[in-house]
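Hi everyone, thanks for coming.

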Amino acid sequence: MAATETTAAASAAVPQHVRAGPRSAAPQSGFAPWKDPSKTPIVRFENVTKTFGDFVAVKDCTLDIYEREFFSLLGPSGCGKTTLLRMLAGFEKPTSGRIIVEGVDVTDLAPYDRPNINMMFQSYALFPHMTVERNVGFGLRQDGMDKADIEARVAEAMQMVELTKFAKRKPNQLSGGQQQRVALARAIAKKPRIMLLDEPLGALDKRLRNQAQFELMRIQEVTGTTFIIVTHDQEEAMTVSSRIAVMDHGELVQVATPGDIYEAPQSRYCANFIGEVNTFEGSVDSIADGMADIAWAGGKNVFKARAPDGITKGQQVWLAIRPEKIRISLDPPSGSVNSVAGTVNDVGYLGSISHYHVVVENGQRITALRANSSSTVERPISWEDKAWLEWPAEAGIILSR
Amino acid sequence: MRRWYVIAVPYLWLLVFFLVPFFIVFRISLSDVATAMPPYVPNFDLAGGLAGIKDFFSQLDWENYIFIFSDELYYSAYWSSLKIAGIATFLTLLVAYPVAYGMARAPKEWQATLMMLVILPFWTSFLIRVYAWIGILKNEGLLNLFLTSTGLISEPLSIMNSTTAVYIGIVYSYLPFMILPLYASLEKINPSLLEAAGDLGCPPWKAFWQVTFPLSLPGVVAGCLLVFIPATGEFVIPDLLGGSDTLMIGKTLWSEFFNNRDWPVASAVAVVLLLVLVVPIVLFQRMQERQQEAGR
């Protein structure tokens, strides 16, 4: 609790520095306007619901997004993340609720009446009959800007995405990665306050995607725009975001920083969606001094973990432990709080790390990770070995849903 | 070798059903009219040997072409045909565009049915459908009956036997030829392009002219040529619906053949008509090739 207060105090001071220039480092470096009660969000969804016939795409979402955030809407396809984004762009009207952008209720405004918001489409939606240059300048021409001003702005946007030499080409003469950058430049050229990106890197291959992620982060920092991105790729969300909203069946499941979602997921859904996790289903055996004992597999083992608020004795809970926090050894542990024995079922060698799949007493498969820090291991762990898994009490998180 | 066979079939088709008839017509156009069977000379006679062939060719001349170029009637008939076809094509485009747009925007499961409805009139004879318009357009026809009975007009409109009736006939008859290519190009337009235009500050009515219309241009051009080319040589519609003052080359051609029985002049008129239409036909071919190259 004390730790949170310090961060909150620090964040109150930091934004002045942030406002002065581009953010210098990753979002973790103290940029946390959501913790500052004096800040007003740039985008606010108020109890927004959207239904298509019987289907509820977005269910009673309330969400604040702050200036200069790189905000991710993360979830599997059909979870309502794109609908939420499209409502902000103005392509869909909420069935109920309000959307407020910079203090103005935009719920009923058409897309072309929302000049401070621009979107980059999943399909890129480049105009096939226009050159790259004309595509990038399209939005500026709508505003009736001066020809010379348009040219300057187009040149600036194209330079930002390194497209200058493709200015006279048509979209179908470009590669997927180049098209993606045209789409980005076209939205950026209008200098919106809020950029919406619908699966912006979904069509790129993995290597290009990693590159483009850092490209997006750089542009976001240089322009100081608020980015809201829709993605189903948890790694992408973890890499780029200041905060992530995890969605499931139209509902916001958890809204937090990537670190918080990873280290302190609020549900099994979040824990599973972000990274890999092992879950032990059990019941609360006892609670004492903020720690709970969880009886697992009918009381065969008792695991200790920090007790979250609101759990009661006898309640069904799940203990979630990240694979890298589990230590695997061939010798029975001595004095460890939590341990379980099993048989090694599978070993995956990935170079820097190895995965170990261990089948424990009740037949459940548990994954443990081990860094291959030394090249020669005295006693390598192999298939069919009897092994012990152990983890400290603070590694486990008790989830009640 | 197998490739050659595949190519040979359409070329053989063209040779038998286009080039050979064309050369027969062309040869008649160089002949002189005669009261005989067939009604022109010279006739090809193999019995005469090489001298006979020589004699045959020496009798062919360009007389008929000189005649039709010196007579005002043919010139104005060509010009009037092109004008009527041009105006009718534009009117067809105006009617077809909203229909094609509506079809392309209709729910996917409806589109096949709508397409079917557009093609359905082809199941009835063209001639009968044009005849049916007489029943609608004549002074005591359905249209006038409806308009007078609802009190919109007191005197019946005399549309029948006028150029207006020809326009109506052409627009009606060739509408599917305009709708289908328009629909094909409109249907290909990604709806997210219009969303993108809106997002970039372009309201829908401007987006239509900046995005939708330019992208549908291949369909517009194809449709216009598909209507313009046959409409120029149209005979049935001006004959059934048009008045005596409706001058169209198809009608002139018909009366040369069957009223004057002047096959050589009629053939010359037909050959010139073909040459007039070669320009738009080549244009159409070029555009199709370009589109195929673009792969869209």
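Let's start in chain A, with an open sheet of five antiparallel strands in the order β15-β19-β16-β17-β18. For the terms: strands are DSSP E runs of at least two residues, helices are H or I runs of at least four, and both are numbered from the N terminus. Two strands pair if DSSP finds at least two bridges between them. β15 (327-329) and β18 (365-371) of chain A sit at the edges with a single partner strand each, so one side of each has no neighbour in the sheet. Neighbouring strands here are turned by 45 degrees against each other on average, direction ignored; the axes behind that are lines fitted to C-alpha atoms.

How many bridges join β17 (residues 353-360) of chain A to β18(A)? Seven, and the two strands run antiparallel. One residue pair to look for is A:V358 with its bridge partner A:I366 in β18(A).

A word on ground rules. This is a predicted model, where local features need pLDDT of at least 70 and side-chain atom pairs count only at pLDDT 80 or more, while totals for chains, interfaces and linings use all residues. Residues are numbered from 1 along each chain as its sequence is written, and chains are lettered from A and ligands numbered from 1 in the order in which they are written.

Most residues other than glycine have a negative phi, and most peptide bonds are trans. A:A125, in the loop between β6 (117-120) and α3 (132-142) of chain A, has a positive phi of about 50 degrees. A:E199 has a positive phi too, about 40 degrees, and its loop lies between β7 (194-198) and α6 (206-223) of chain A. Are these two buried or exposed? A:A125 is buried, with 25 C-beta neighbours inside 10 Å, and A:E199 is buried with 20. Buried means 20 or more other C-beta atoms within 10 Å, with C-beta atoms placed from the backbone.

Over in chain B, the peptide bond from B:V41 to B:P42 is cis, with omega near 0 degrees. B:P42 is in the loop between β2 (40-41) and α2 (49-59) of chain B. Overall, chain B has 13 helices and two strands, and 30% of its 296 residues are buried.

Last, where the chains meet: 14 residues from chain B and 19 residues from chain A take part, contact meaning C-beta atoms within 7 Å. On chain B's side, α9(B) gives the largest share, six residues.

Key: Buried ≥ 20, exposed ≤ 12 C-beta atoms within 10 Å, placed from the backbone. Contact = placed C-beta atoms within 7 Å. Axes fitted to C-alpha atoms, helices over the stretch in contact; angles between N-to-C directions.
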